[in-house]
Structures are given as structure tokens and as C-alpha cells.
Amino acid sequence: MILSVEKIEKSFGARTLFSGASFQVNPGDRFALVGPNGAGKTTLLKIIMGLDNPDAGNVTFAKDVNVGYLEQETKLASDRSVIDEVMASAHEIQALGQRAEELQHEIATAGETGSVPDSLLKEYGQVQDRFERLGGYELESNARQILAGLGFPVDEFQKPCAEFSGGWQMRIALAKLFLRHPDLLLLDEPTNHLDLESVQWLRGFIASYEGAVLIVSHDRAFMDACVDHVAALENRRITVYTGNYSSYLKQREDNLEQMRAKRAAQEREIAHMQVFVDKFRYKPTKAAQAQERIRRIEQIKSELVILPEGHKHVDFKFPDPPRSGDMVAKLEGVSKSYADKHVYDGINLTLYRGDHIALVGPNGAGKSTLMKMIAGIEPPSTGTRELGVNVGVAYYAQHQLEGLNESNTVLQEIDSVAPTWTVPQQRSLLGAFLFSGDDIDKRVGVLSGGERARLALAKMLVSPEALLCLDEPTNHLDIDSVDMLENALKRFPGTIVLISHDEHLVRAVANRVVDIRDGKMTVIDGDYDYYLFKREDLAARAAAEAGAAHTGSVASSSEAKPAAASAQASKPADAQPREGKKTKEQRRAEAEARAELNRRLKTTRDRLKKVDAQLQTSRARYDELMALMASEELYADQSRFNEALSEYNDLKRSIPKLEDEWLELSETIEEEQARGRS
């Protein structure tokens, strides 16, 4: 046991957060703490850290446990450089190094005057062992690796911490924690403010971390990759599940089925006995039996299964935006510079109606800058930006939360952008963004970060424009809110430009990907999985070309050694393979080459299989729509017709792309197989 949380209770006024909440974290465990916004996840972390007090219950740590805690918000005013700030955080490691030096001196002194005490040698061994295990000898090297993994350019390691924005300061706080290498890490939304590549680095770091980890996160792909237990806050208690987040969802549903069945059986038994009680309670000959059944009813009621509160799943569809032309936005010959820093140079990009584009790449590569130029928030240094016919732009970023009126209620804030809507319509919209009951009368000033983000999104989407530009829309949203947004974005008929560190959201929404890195922009006409395949394929080809170049250089150098060749030629005739007969070594080499070819082509074949299935499904649906749109009944229903037409146009664009990809993949496989045979 490294952490034990026992029967914690906590209330705020009449609202109870926890009642008998308990769980235990053992060394090496990776826990995700999940639950809807407002369930008390952050409060529980603060109770564990001693920053808040429970009304009842205990938090116990194992002896000498070192705990690291990352809060959702942090602010560093330090004038120290980033690398110095991170290095200075490793107090224990530095203290161990200092103590090791002191012990070395004491041992040397004791050796000069006589024998060295065993206690001194034992302490030195323990200190040295822990110093090495915590990476004391590689402290600066580890600090640099961690900062690079979190997306810091090397040339910014010496920049003062105070000059970084809030998101980057969160990364500095993460780096300080990781360098300290605590026995237990408590991380509250660690993926907020990270880009996709930094999130992937963080997954690997946590997966290989030697200590225990307790994470609060809304990122499902992240939790699936690096947790092995889920502590779910349900009905003011904590239920622990073994496995990652997807496993938790399945187990939870299985448990719910069993609990519903048991609850139904209990209610049937109560109802059956209640009939007897009502009928015979006052009949002298049956009174004793009736009383026995009353006691039994009370006992069952005390044992009645309490079903977890259902997750808030709201099916919301954005109002359709004004219909735009086929071309929505175009950047031509665009360059962008900030003083001496050149972000883009002569790029071209065209967005079409129905495009759902994800901008991906490392932080600082220029994703937000590109989005702002597309949205018209920032002008390009050179080049032109053109919007299509009937195209309006809606832009969402975290700073928009500051534009909310603190004194307004939630309902008044929506009314300010939808004055012609009726109150029931406004309530329906707010319900879709998980504001229900008395929530709509809350003042904006008391809302949490997640509630503010949902309200800002709701305001923007009351009457959406044809082009939505969304910069990290899921920061501070819980999983239910992300689900709602994901479903709505997938069905949005307009054009979307999205930046998000949530891989699950990007995978679900994007049908085109723009990769931005090293000052270059690469457009991938396909979904996120195809983008990952293309990146892997290009990396594999580059590695193969490098390997071939190396092999060629080795071969050319061997030509300068004729002695070896003549030695081979001078072998006796019986040592040479007979014509048409292969040696054991040749057969083994060919088998290895075939195995290597199969390994290299596995990703390509898997992708081809997936594209083939998508192509068949898309063609079948295209044929269905062609038949459906010939029906007079469909023309009579304008809403259904518009939906069918939008889907038809989407398929008309996507099917040729799938066909091109299918052909490209097939040719790749054929070429590789031919190369393997030659």
C-alpha cells in the first residue's frame, strides 16, 4: 500500500460530495479518477494532499512516501530560466547527492584513523542507491529530455519562466514533478495545454514510470493507454475497476445489468409481500404473519440496491448554418512572420464545404496562427485570404471565456445572443450543454472552468456560421460534455477547422488533416488513422532508403578488398552450391527477407482492408441515396431532403479519395512484393 483513502465524507452545505468513499493505491498502480464535472474529483485530490479537510474519514500514506501534485492551474513568477527552475525542484535528489559527498568524506576520515563503522557504510549504500535510482547522475540530462518531450524548443531552455503563457507554465510544473520522480504522482488534467505529440510522449512516460500514478483526465485515449485501474465517483462513493477506461465502461455496464436485475427482484419481492400486508394486517389470525412480512420489507428496503446515477447523454444537433458555396476559404501565397521569426512562407490551402480539418503538429509550429489567419483574426504578412460565397466565420478559443459577463446568469448570457428564442428553446439548448434545473440561474462569476467553456461554446453555436474554427474546445470539459460536442461536430454539415490534443475527438471528427512542422504544411486528404498511416509509411520509407544507402556504401567499400573475393573464388568445387540448388544460408536469408517484407507491409495491408470496407459501405450508401432522392416523398420533406443531399455531396467527395487511396495502397504492396522477389 502506498495510499489508502478510507471512508471519506465531505459536504458543502446541503450538497454531499462523498459518503464513505474508499480506495487503495499500491506501488506501481496507475489509477484514473473519473466522474462528471462537479462530482468532486479535484476536491478529493486536495483532501489527499492535505489542502482540504474531510468531514470524516482518513487518508494514509506509506512511510516516507514522496508525493507530487499537479493542480489544474499554476503560475510561476520566477525570473529563473526554465532549465534552472526545473533542476531546482529536485530537492531530494540534490540533498541525497550532498549527503553522499558528506558520507564519502566521513568514511575517508574514519578510514585514516581506523576501521569504518558499519552504520556509516550502510547509510552510504542506501543514500547512493536512492540517488542513482532517482537519476542523480543524469539530473540535467533528464531535465532536458523531459522539457523536450513536453514540447519546449532547446533554444527556450534559458528563457525566464515568467515570460511563458499559462499553458507553458503548466508544462514547466509537469517537468518539475517528473524530474523529482516522486513515489506517487497526483495529476489533475495533465493533458490540458499539451499538443497531440506531447500527449503521446506523456503516455509513454507514465506507462514506464516506476512510481504510482493517480490521474484526473477527460481524455479517453490517454487513459486507455496508461492506466490499469479506474476509480469511479458514483453515488458519492468510489467504485474501483481493474483495467483501462474502455474496460471500465464495459465492466460498469455489465455491473449495471446485474444491479438492475437484483433491484427489480427486490422490488418485486417487496410488492408481493406488501399485497399480503395490506390484505391481512388487521386480521387477528394473520396479524403475526403480516408483522413478519413488514419486518422483512423494512430489511429489504435497507438492503435495496442503489443504482449509479446515469451519465448525462444528450443528443444535440447544431442548427444548420447558412448554406455556403463549395469553396469556403482559401489562402494563397500566404507568409507569416513575427519580427525575425518566420512561421510560414508562401503556403496555399483551400477549404471546401463539409471539410472537417484537424490541424496537428508540435506546439509552437504555428497551428493557432494558421487558424487565426483562416478565421481572419490575424492578417497574413503577405499573400491573400479569400472567403467563399455566403461564408461567415465563428472562432472559439480559451480567451473567449473572458468575454462572458460575470454578473449575468447562465440564462441571461444565452439570451444576450438569442433574444428571439423562447425560454423553453433556450433551456433546451442549455440542457444540451449540461446546464439543467437551477444551473441556468447560476451567476457566471461562480461557474467552474468547465462550465464556462460549455457556456462559451453554447453561445457560439446558438446560430453557427458556415465555418467553425475551434482551438482546443475540450479543455476543462468532462467526458459527457466531450461526447456531446463530438456527436454534434460529426453531424455538422458546414466546415470545421479543429485544434485538439484529444486524440479520440480528432479521430472521430476529422476527414482531412493538415500537418504543420518545421515551417512546412502537409495536407492529408483522409481521416486521422490515414494520416498516422502516411506518417508511419513515410518514416519507414525514409529509414529503408537510409538503410539501402548504408548497404550500398558497405558494398562499395568491400570492392576495395579483392583478397576476400579471390579467397571465395579459390574454394574447392565441392564447397560451391550446385546450379539450381540453394544453400541452407540462402534459404534462411530468403525466409528472413519474406518475414521482413510481411512485417513492413502489415500496416499497409491493414489500412487497405479498412479502406476497402469503407469503400464498399460508402458505395452502397451512395446507391441508396441515389434511389432515395428519386422519390417524391423525400422532396416533400425539406429537412430530410437537405440532410440526404448533404450526405450525398459528402460521399461524392469522399468516394474518389477512398478509391485513390485504395489504388495507391495496392500499388505500394505490389511494388514492395516485386522488389522482394528481385
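In which sense do strand E6 (residues 184-188) and strand E7 (residues 212-216) pair, and over how many bridges? The two strands pair in the parallel sense, over 5 bridges. Two strands count as paired if DSSP finds at least two bridges between them. Helices (H or I, at least four residues) and strands (E, at least two) are DSSP runs, numbered from the N terminus. The model is predicted: local features need pLDDT of at least 70, and side-chain atom pairs count only at pLDDT 80 or more, whereas totals for chains, interfaces and linings use all residues. Residues are numbered from 1 along each chain as its sequence is written, and side-chain values use heavy atoms, with hydrogens and water left out.

Strands E6 and E7 belong to an open sheet of 6 strands in the order E5-E6-E7-E3-E8-E9, with mixed pairing. At its edges lie strand E5 (67-70) and strand E9 (237-242), each of which pairs on one side only. On average, neighbouring strands of this sheet are turned by 15 degrees against each other, direction ignored. Leucine 184 has alanine 212 of E7 as its bridge partner. Helix H9 (residues 245-280) packs on the sheet and touches strand E3 (30-34), strand E8 (229-234) and E9; contact means heavy atoms within 4.5 Å. The direction of H9 makes about 115 degrees with that of E9. For such values, axes are lines fitted to C-alpha atoms, for helices over the stretch in contact, and angles run from 0 to 180 degrees between N-to-C directions.

A further open sheet is formed by 3 strands in the order E2-E1-E4, and its pairing is antiparallel. Its edge strands are strand E2 (15-25) and strand E4 (56-61), each pairing on one side only. Neighbouring strands here are turned by 20 degrees against each other on average, direction ignored. E1 and E2 are joined by 7 bridges, and leucine 3 has valine 25 of E2 as its bridge partner. The hairpin of E1 and E2 has 2 residues between the strands, and in this hairpin glycine 13 takes a positive phi near 65 degrees. Strand E1 (residues 3-12) also pairs with E4 in the antiparallel sense, over 5 bridges; serine 4 stands opposite threonine 60 in E4.

Among the helices, the axes of helix H3 (residues 91-113) and helix H4 (residues 118-133) come within 9 Å and cross at roughly 150 degrees. H3 is therefore roughly antiparallel to H4, a term for angles over 145 degrees. The contact includes Ile93, Leu96 and Leu103 of H3 and Leu120, Tyr124 and Val127 of H4. By class, the contact has 10 nonpolar, 3 polar and 5 charged residues; Ala, Val, Leu, Ile, Met, Phe, Trp, Tyr, Cys and Pro count as nonpolar, Asp, Glu, Lys and Arg as charged, and the others, Gly among them, as polar.

Helix H11 (residues 367-375) is largely enclosed by the rest of the structure, because 7 of its 9 residues are buried. Buried means under 20% relative accessible area (1.4 Å probe, protein chains only). The buried residues of H11 include Leu370, Met371, Met373 and Ile374. Glycine 376 follows H11 and has a positive phi, near 85 degrees.

Note on methods: Buried < 20%, exposed > 50% of the residue type's maximum accessible area, 1.4 Å probe, protein only. Parallel < 35°, antiparallel > 145°, perpendicular 65-115°, else oblique.
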